[in-house]
Amino acid sequence: MIDFLWLALMAGTGVALVAAPLGSFVVWQRLAYFGDTLAHASLLGIAFSLLLTINIQLAIIVSCLCVALILVLLQTQRQLPSDTLLGIISHSSLALGLILVSVFDTGRLDLTLYLIGDILSTSQNDVIMILIVLAIVSLLTWKFWKHLLAITVNEQLAQVEGVPVKKVRFLLLFMLALVIAVAIKVVGVLLITALLIIPAAAARYLSKSPIQMVFIGGLLGCLSVYAGLASSFYWDTPAGPSIVASASGLFMLSLLIKRYST
Amino acid sequence: MKSNVLLQAAEVSLRDGDKVLLDTIDLSIKKREIVTIIGPNGAGKTTLLNLLLGLRKPSSGQVHRHNNCRIGYMPQKIQLNPLLPLNVEHFLSLVDTRSSTLKADINTALTRTGVADLINTDMTRLSGGEVQRVLLARALLRKPNLLVLDEPVQGVDLKGQDQLYKLISEIRDELGCGVLMVSHDLHLVMASTDNVICLNQHICCHGHPESVSNHPAYIELFGNSISHVAAYTHHHDHDHNLHGEVCEATFEEKE
């Protein structure tokens, strides 16, 4: 097969696998809007990377982490409800990012590629980056699995039982920022949350334990990537949106299976 | 701090802006003692528990915990996301113990709280009373010497409440642990409590349940009427367990 397709397949598989545990936690802790906000903020990172001519992925990771930190700090105040706060930060960083990119871009950047993803132009370096993130996230999730799950079930109970709740919560956001930074290549800023939550939600109906849900979610994520790439290859549809559309298809299918199996 | 005191609050206050949530609270829980905090809605009962548990910091005053005080905590309610597939056994295995016999311990704890047959049931399918018993089992897994229970009988019918309070005092006898719990009905906990603290931002009165129920501050807070209403009781020659099966009568009728 053609080289670029191999790279795209590897990148897609890596991102689908790394999105599975994080996607499950996003679904369990109702962090979907949070993920959106981080993704939109990454556009600011892209703008700064143009401005300062630094590595784009590094800039995205840093900007995601900054926004995650700001959100954690702001969520302890009680003047603004959390969803309003997220909405304000999410859309103002998106707007600011779009402005900055268009002002400082000298014509070498196609914004749509960042908005809807550009998996077919994956380079070897991208794949290496994705594999590194996959390794880091898998290791951390495996090591802190029990703590992550404990704060998901009930933070107060976890804290009384000696779980370092704040650190574990920050760890989750840190991993989320990493995943978003590498997933932008595959599905783009606008569709990242979809790649996180749709396979996980679909896996819910097919699994009996949290661990099962992560693995089935990973599998469904990979299937969506392959189906999306195939559609892009044969029918020339945009790859990122095709991947997300395939994931939605799988979600519907799992709903039907659930319905007719009980 | 005396050696038999597990947990002690010394002049603890909490303010949120101008609002005083808790005003100079002094209390202590000793080994084998059951202390019940009662008070109307918004009296600061759960807030006080959170302070004692170290979940919040007081604005002034101090909370002392005995060095080997191991707390088993049962929160008021837990909201589980239906998208999280979690059965009872898995929920209990999240407890952070280094015990190598966790599986056996889980069975023991569930048997003790009377819900051993629910071990493979999904957490979201449990009834209110079953959830409380599973939460109590989780608190027991920590092998606590202090049980902290926030409204342990919430969402449980009257009969179940009685059984649950009985279970709690039995557990106290078996483990020799102290128990601190929150309730909003003095009369239900009367039989199984040693010390009552009547809370409404500050401690209105405290002491033995009988004396508190006659205390003017208590009557002012809850009204006099309650103590005159006799609960309707009739005699059963049999009893039902948690699953509705008929079994020998176990629970004593009150006058």
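**Salt-bridge network.** I began with a network of salt bridges that links B:Arg112, B:Glu170 and B:Glu174; a salt bridge here is a side-chain nitrogen of Lys or Arg within 4 Å of a carboxyl oxygen of Asp or Glu. This is a predicted model, where local features need pLDDT of at least 70 and side-chain atom pairs count only at pLDDT 80 or more. Residues are numbered from 1 along each chain, and chains are lettered from A in the order in which they are written.

I looked up B:Arg112 with B:Glu174 and found their closest N and O atoms 2.7 Å apart. B:Arg112 sits in helix H3 of chain B and B:Glu174 in helix H5 (residues 158-175) of chain B, 62 residues apart; helices are DSSP runs (H or I, at least four residues), numbered from the N terminus. B:Arg112 is partly exposed at 26% relative accessibility (buried means under 20% relative accessible area, exposed over 50%, partly exposed in between, with a 1.4 Å probe and protein chains only).

**Between chains.** Which residue pairs with A:Glu161 in a salt bridge? I found B:Arg138, with the closest N and O atoms 2.8 Å apart. A:Glu161 lies in the loop between helices H7 (155-160) and H8 (165-187) of chain A, and B:Arg138 in helix H4 (residues 128-141) of chain B, so this pair joins two chains. I noted that A:Glu161 is buried at 5% and B:Arg138 is buried at 1%.

**One more pair.** B:Glu89 forms a salt bridge with B:Lys103, at 2.9 Å between the closest N and O atoms. Here B:Glu89 is buried at 18%, while B:Lys103 is exposed at 57%.

**Tally.** My search of the whole structure gave 8 salt bridges over all chains.

How values were computed. Heavy atoms only, no water.
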